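Trainee: I've got a new structure to go through today. Please take me through it in plain words.

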Amino acid sequence: MNYWLFKTEPDEYSIRDLQLAPNQTAKWDGIRNYQARNFLRDKVAEGDLVFMYHSQCKQIGIVGVAEIVRAAYPDPAQYDETSKYFDPKATFDTPRWFCVDIKHKLTYPRVISLGRIKAQSELANMILVKQGRLSVQPVTEQEWQQIEAMI
DNA sequence: GCCAACGTTGGC
DNA sequence: GCCAACGTTGGC
(Lines give C-alpha, C1' and ligand atoms only; values in the text may rest on other atoms or scores of the structure.)
Protein backbone atom coordinates (compact mmCIF):
# COMPACT_ATOMS: atom_id res chain seq x y z
CA MET A 1 0.00 0.00 0.00
CA ASN A 2 1.31 3.39 -1.01
CA TYR A 3 0.55 6.93 0.08
CA TRP A 4 0.12 9.90 -2.24
CA LEU A 5 -0.68 13.57 -2.34
CA PHE A 6 -2.91 14.97 -5.09
CA LYS A 7 -3.16 18.70 -5.64
CA THR A 8 -6.27 20.44 -6.81
CA GLU A 9 -7.49 23.98 -7.13
CA PRO A 10 -10.71 24.07 -5.09
CA ASP A 11 -12.21 26.64 -7.46
CA GLU A 12 -11.97 23.96 -10.14
CA TYR A 13 -12.54 20.84 -8.07
CA SER A 14 -12.57 20.70 -4.28
CA ILE A 15 -12.74 17.89 -1.76
CA ARG A 16 -16.35 18.96 -1.18
CA ASP A 17 -17.08 18.34 -4.87
CA LEU A 18 -15.63 14.86 -4.43
CA GLN A 19 -17.71 14.27 -1.32
CA LEU A 20 -20.86 15.29 -3.18
CA ALA A 21 -20.06 13.29 -6.32
CA PRO A 22 -22.11 10.17 -7.13
CA ASN A 23 -20.89 7.38 -4.85
CA GLN A 24 -18.36 9.98 -3.56
CA THR A 25 -16.18 8.83 -6.46
CA ALA A 26 -14.60 10.77 -9.30
CA LYS A 27 -12.21 10.34 -12.17
CA TRP A 28 -8.90 12.09 -11.45
CA ASP A 29 -8.09 13.24 -14.96
CA GLY A 30 -6.35 16.08 -16.74
CA ILE A 31 -2.87 15.24 -15.43
CA ARG A 32 -0.56 16.58 -18.15
CA ASN A 33 2.86 16.41 -16.56
CA TYR A 34 5.12 13.46 -17.32
CA GLN A 35 6.47 12.94 -13.82
CA ALA A 36 2.96 12.97 -12.38
CA ARG A 37 1.76 10.76 -15.25
CA ASN A 38 4.45 8.19 -14.53
CA PHE A 39 3.45 7.94 -10.89
CA LEU A 40 -0.22 7.59 -11.86
CA ARG A 41 0.43 5.01 -14.55
CA ASP A 42 3.09 2.91 -12.87
CA LYS A 43 2.76 3.20 -9.11
CA VAL A 44 -0.69 4.29 -7.98
CA ALA A 45 -2.66 1.16 -7.07
CA GLU A 46 -6.16 0.32 -5.94
CA GLY A 47 -6.42 0.70 -2.19
CA ASP A 48 -3.72 3.36 -1.93
CA LEU A 49 -4.53 6.39 0.22
CA VAL A 50 -4.28 9.99 -0.96
CA PHE A 51 -3.95 13.29 0.85
CA MET A 52 -6.13 15.83 -0.93
CA TYR A 53 -4.36 19.19 -1.15
CA HIS A 54 -5.91 22.54 -2.05
CA SER A 55 -3.65 24.95 -3.94
CA GLN A 56 -4.13 28.48 -5.28
CA CYS A 57 -6.73 29.42 -2.72
CA LYS A 58 -7.14 31.13 0.64
CA GLN A 59 -6.58 28.07 2.80
CA ILE A 60 -3.68 26.26 1.21
CA GLY A 61 -3.00 22.81 2.64
CA ILE A 62 -4.14 19.24 3.11
CA VAL A 63 -7.90 19.02 3.47
CA GLY A 64 -8.66 15.32 3.73
CA VAL A 65 -8.13 11.79 2.49
CA ALA A 66 -9.31 9.83 -0.54
CA GLU A 67 -8.80 6.24 -1.62
CA ILE A 68 -7.80 4.90 -5.02
CA VAL A 69 -10.69 2.75 -6.23
CA ARG A 70 -9.48 2.16 -9.78
CA ALA A 71 -5.87 2.04 -10.97
CA ALA A 72 -4.62 3.81 -14.08
CA TYR A 73 -6.51 3.73 -17.38
CA PRO A 74 -6.20 6.01 -20.42
CA ASP A 75 -7.59 9.48 -19.76
CA PRO A 76 -10.52 9.82 -22.20
CA ALA A 77 -10.09 13.60 -22.32
CA GLN A 78 -6.94 13.25 -24.43
CA TYR A 79 -9.12 12.03 -27.34
CA ASP A 80 -11.84 14.66 -26.92
CA GLU A 81 -11.28 17.56 -29.31
CA THR A 82 -13.61 19.76 -27.33
CA SER A 83 -11.71 19.22 -24.08
CA LYS A 84 -8.96 21.53 -22.89
CA TYR A 85 -7.05 18.33 -22.14
CA PHE A 86 -7.21 17.18 -25.78
CA ASP A 87 -3.85 15.95 -27.07
CA PRO A 88 -3.55 15.54 -30.86
CA LYS A 89 -0.47 13.35 -30.43
CA ALA A 90 -2.29 10.74 -28.34
CA THR A 91 -3.60 7.61 -30.09
CA PHE A 92 -5.77 4.78 -28.84
CA ASP A 93 -2.89 2.33 -29.34
CA THR A 94 -0.41 4.50 -27.47
CA PRO A 95 -2.24 6.66 -24.94
CA ARG A 96 -0.10 9.42 -23.51
CA TRP A 97 -2.13 10.35 -20.44
CA PHE A 98 -3.74 8.35 -17.69
CA CYS A 99 -6.27 8.87 -14.95
CA VAL A 100 -7.43 7.00 -11.86
CA ASP A 101 -10.68 6.91 -9.89
CA ILE A 102 -10.71 8.14 -6.30
CA LYS A 103 -13.31 7.96 -3.56
CA HIS A 104 -13.75 10.41 -0.71
CA LYS A 105 -12.80 8.98 2.67
CA LEU A 106 -12.76 11.91 5.05
CA THR A 107 -12.55 15.67 5.22
CA TYR A 108 -10.47 17.07 8.08
CA PRO A 109 -12.22 19.39 10.51
CA ARG A 110 -9.69 22.04 9.55
CA VAL A 111 -7.08 22.48 6.88
CA ILE A 112 -3.57 21.29 7.72
CA SER A 113 -1.93 24.39 6.32
CA LEU A 114 1.17 24.46 4.16
CA GLY A 115 2.66 26.84 6.71
CA ARG A 116 2.37 24.25 9.50
CA ILE A 117 3.74 21.53 7.22
CA LYS A 118 6.73 23.68 6.32
CA ALA A 119 7.33 24.47 9.98
CA GLN A 120 7.61 20.78 10.86
CA SER A 121 11.29 19.81 10.63
CA GLU A 122 10.39 16.12 10.14
CA LEU A 123 8.58 17.09 6.95
CA ALA A 124 11.40 19.12 5.42
CA ASN A 125 12.06 16.41 2.84
CA MET A 126 8.48 16.18 1.61
CA ILE A 127 8.23 16.70 -2.13
CA LEU A 128 5.50 19.19 -1.37
CA VAL A 129 8.02 21.31 0.53
CA LYS A 130 11.11 20.70 -1.60
CA GLN A 131 9.66 20.68 -5.10
CA GLY A 132 6.78 23.03 -5.53
CA ARG A 133 5.20 21.95 -8.74
CA LEU A 134 4.22 18.31 -8.83
CA SER A 135 0.50 17.56 -8.75
CA VAL A 136 0.79 13.81 -8.04
CA GLN A 137 3.49 12.91 -5.56
CA PRO A 138 4.41 10.03 -3.26
CA VAL A 139 4.25 10.45 0.52
CA THR A 140 6.29 8.23 2.83
CA GLU A 141 4.64 6.32 5.66
CA GLN A 142 6.51 8.48 8.18
CA GLU A 143 5.30 11.65 6.50
CA TRP A 144 1.76 10.32 6.39
CA GLN A 145 1.76 9.54 10.11
CA GLN A 146 3.42 12.82 10.97
CA ILE A 147 0.70 14.74 9.15
CA GLU A 148 -2.11 12.65 10.62
CA ALA A 149 -0.75 13.58 14.03
CA MET A 150 -1.23 17.26 13.14
CA ILE A 151 -5.01 17.01 12.64
C1' DG B 1 -1.11 40.25 -10.00
C1' DC B 2 3.80 39.23 -9.42
C1' DC B 3 7.40 36.34 -10.08
C1' DA B 4 10.49 32.34 -9.00
C1' DA B 5 11.03 27.82 -10.15
C1' DC B 6 10.39 24.74 -12.71
C1' DG B 7 8.74 22.03 -17.36
C1' DT B 8 8.27 21.90 -22.48
C1' DT B 9 9.23 23.10 -27.23
C1' DG B 10 11.79 23.59 -31.18
C1' DG B 11 15.71 25.51 -33.94
C1' DC B 12 20.25 24.44 -34.79
C1' DG C 1 21.62 16.85 -27.60
C1' DC C 2 22.08 21.79 -26.29
C1' DC C 3 19.89 25.65 -24.86
C1' DA C 4 17.05 29.83 -25.52
C1' DA C 5 12.47 31.09 -25.48
C1' DC C 6 8.27 30.30 -23.89
C1' DG C 7 4.50 28.34 -20.91
C1' DT C 8 2.74 26.78 -16.38
C1' DT C 9 2.45 26.16 -11.47
C1' DG C 10 1.58 27.92 -7.27
C1' DG C 11 2.95 30.66 -3.04
C1' DC C 12 2.84 35.16 -1.60
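**Contacts with DNA**

Trainee: Which residues surround DNA strand C?
Mentor: K7, Y53, S55, Q56, I60, L114, K118, G132, R133 and L134. Each has a heavy atom within 4 Å of the strand, which is what "near" means here. Sugar and phosphate make up 64% of the atoms of DNA strand C that come within 4 Å of the protein.

Trainee: Before I go on, what am I looking at?
Mentor: A predicted model, where local features need pLDDT of at least 70, side-chain atom pairs count only at pLDDT 80 or more, and totals for chains, interfaces and linings use all residues. Residues are numbered from 1 along each chain as its sequence is written, chains are lettered from A and ligands numbered from 1 in the order written, and side-chain values use heavy atoms, without hydrogens and water.

Trainee: What is the mean pLDDT of chain A?
Mentor: It is 94, and 100% of the residues of chain A reach 70 or more. pLDDT is the predictor's confidence in each residue, from 0 to 100.

Trainee: Back to DNA strand C. Which side chain is 2.5 Å from a phosphate oxygen?
Mentor: That of Y53, counted from an N or O atom in the side chain. For K118, an N or O atom of the side chain is 3.1 Å from a phosphate oxygen of DNA strand C.

Trainee: New topic. How many aromatic pairs are there in the whole structure?
Mentor: A search finds 7. Rings of Phe, Tyr and Trp (its six-membered ring) pair if their centres lie within 6.5 Å; planes under 30 degrees apart are stacked, over 60 edge-to-face, the rest tilted. One of the pairs is F51 with W144, whose centres are 3.7 Å apart and whose planes are at 10°, so this pair is stacked.

Trainee: Where do F51 and W144 sit in the chain?
Mentor: F51 is in strand β3 (residues 49-54) and W144 in helix α5 (residues 141-148), 93 residues apart, so the pair links distant parts of the chain. Helices (H or I, at least four residues) and strands (E, at least two) are DSSP runs, numbered from the N terminus.

Trainee: Buried or exposed, those two?
Mentor: Both F51 and W144 are buried. Buried means under 20% relative accessible area, exposed over 50%, and partly exposed in between (1.4 Å probe, protein chains only). Together with Y3, F51 and W144 form one aromatic cluster.

Trainee: What about Y79 and F92?
Mentor: They are an aromatic pair too, stacked, with 4.0 Å centre to centre and 20° between the planes. Y79 is partly exposed at 21% relative accessible area, while F92 is exposed at 68%.

Trainee: Which ring does the charged end of R70 sit over?
Mentor: The ring of Y73, 3.5 Å from its centre. That wording needs NZ of Lys or CZ of Arg within 6 Å of the ring centre and within 35 degrees of the ring normal.

Trainee: Last one: what is the phi of Q56?
Mentor: About 55°, a positive value although Q56 is not a glycine. Q56 lies in the loop between β3 and β4 and counts as exposed at 59% relative accessibility.

Terms used:
Polar contact = N/O pair within 3.5 Å; in protein donor to acceptor, adjacent residues only side chain to side chain.
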